[in-house]
Amino acid sequence: MIFKRRKNREIPSLNTSSLPDLIFTILFFFMLVTQMRKVPQMTDYVLPEGKELNGLSKKTMVFNIYIGHPKSPASFADNNTKPLQVQINDKIIYQKDIEQHLKIELSKLNNTEKANLRFNISADKDTPMGVIIDLKQTLRRLNQVNIHYAGKTEKQ
């Protein structure tokens, strides 16, 4: 018996019927794992400039502390002095109540989370250094030493 070879061999076409399912599965995965910014910013501030700045490597366990002026003009008196306000995550806190508020927030975390916790301070460039030092001393009393300061790169 003699076998004959077919001379017209074609490469079969690629089946793409499952491609949309795969694309939507990947899209759904990224929608689940991406965290959007949930904290509304209630303070206006201009970041100080610096030469050697590094970004935060892990942004999972970060308490954002904003120190600046109120966004709404109705929240301060008619004179030209704008008071400073402190925003921790999504709440405006009086300076005298910062330690008590942080104690409450830290009590909600377990020891592993407390060890990995970082504080990111975004303060207005005209914020008196005494306010920053007081905040830093408060964090030190609460055994929180991972403190980062936000800034923007210096204009060249």
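User: Hi! Before we dig in, what do the numbers rest on?

Analyst: The model is predicted, so local features need pLDDT of at least 70 and side-chain atom pairs count only at pLDDT 80 or more, while totals for chains, interfaces and linings use all residues. Residues are numbered from 1 along each chain as its sequence is written, and side-chain values use heavy atoms, with hydrogens and water left out.

User: Great. How far apart are the end C-alpha atoms of H4?

Analyst: They are 18 Å apart, which agrees with the 18 Å that its 13 residues (129-141) should span at 1.5 Å a residue. The expected span is 1.5 Å times one less than the number of residues. Helices here are DSSP runs of H or I with at least four residues, strands are runs of E with at least two, and both are numbered from the N terminus.

User: Which residues of H4 are buried?

Analyst: Val 131, Ile 132, Leu 135, Thr 138 and Leu 139. They cover an arc of only 125 degrees around the axis, which puts them on the same side of H4; the arc is that of the directions from the helix axis to the C-beta atoms. Buried means under 20% relative accessible area, exposed over 50% and partly exposed in between, with a 1.4 Å probe and protein chains only.

User: And what do those buried residues pack against?

Analyst: Strand S3 (62-70), helix H2 (98-107), strand S6 (118-123) and strand S7 (147-149). Contact means heavy atoms within 4.5 Å. The face turned away from the buried side carries the exposed residues Met 129, Asp 134 and Arg 141.

User: Switching to the largest nonpolar core: which members touch the most others?

Analyst: Of its 20 residues, those are Ile 65, Ile 67, Ile 88, Leu 102 and Ile 121. S3, strand S4 (85-88), H2, S6 and H4 each supply at least two residues of this core, and H4 gives the most, with 4 residues. A nonpolar core is a set of buried Ala, Val, Leu, Ile, Met, Phe, Trp, Tyr and Cys residues joined through side-chain atoms within 4.5 Å.

User: What is Ile 65 in contact with, leaving aside neighbours within four places in sequence?

Analyst: Its contacts are Val 86, Gln 87, Ile 88, Phe 119, Asn 120, Ile 121, Ser 122 and Leu 135.

User: Nice. How many salt bridges does the structure hold?

Analyst: There are 3, a salt bridge being a side-chain nitrogen of Lys or Arg within 4 Å of a carboxyl oxygen of Asp or Glu. One of them joins Arg 141 and Glu 99 at 3.1 Å, N to O. Arg 141 lies in helix H4 and Glu 99 in helix H2, so this pair ties together parts that are 42 residues apart in sequence.

User: Is Glu 105, which pairs with Lys 108, buried or exposed?

Analyst: Glu 105 counts as buried, at 16% relative accessibility, whereas Lys 108 is exposed at 59%. Their closest N and O atoms are 3.5 Å apart.

User: Last topic: how many aromatic pairs are there?

Analyst: The structure holds 2. Phe 29 and Phe 30 are edge-to-face, 5.4 Å centre to centre with 65 degrees between the planes. The rings of Phe 63 and Phe 119 have centres 5.3 Å apart and planes at 50 degrees, so that pair is tilted. Rings of Phe, Tyr and Trp (its six-membered ring) pair if their centres lie within 6.5 Å; planes under 30 degrees apart count as stacked, over 60 as edge-to-face and the rest as tilted.

User: Are Phe 63 and Phe 119 buried or exposed?

Analyst: Phe 63 counts as buried at 8% relative accessibility, and Phe 119 is buried too, at 0%.
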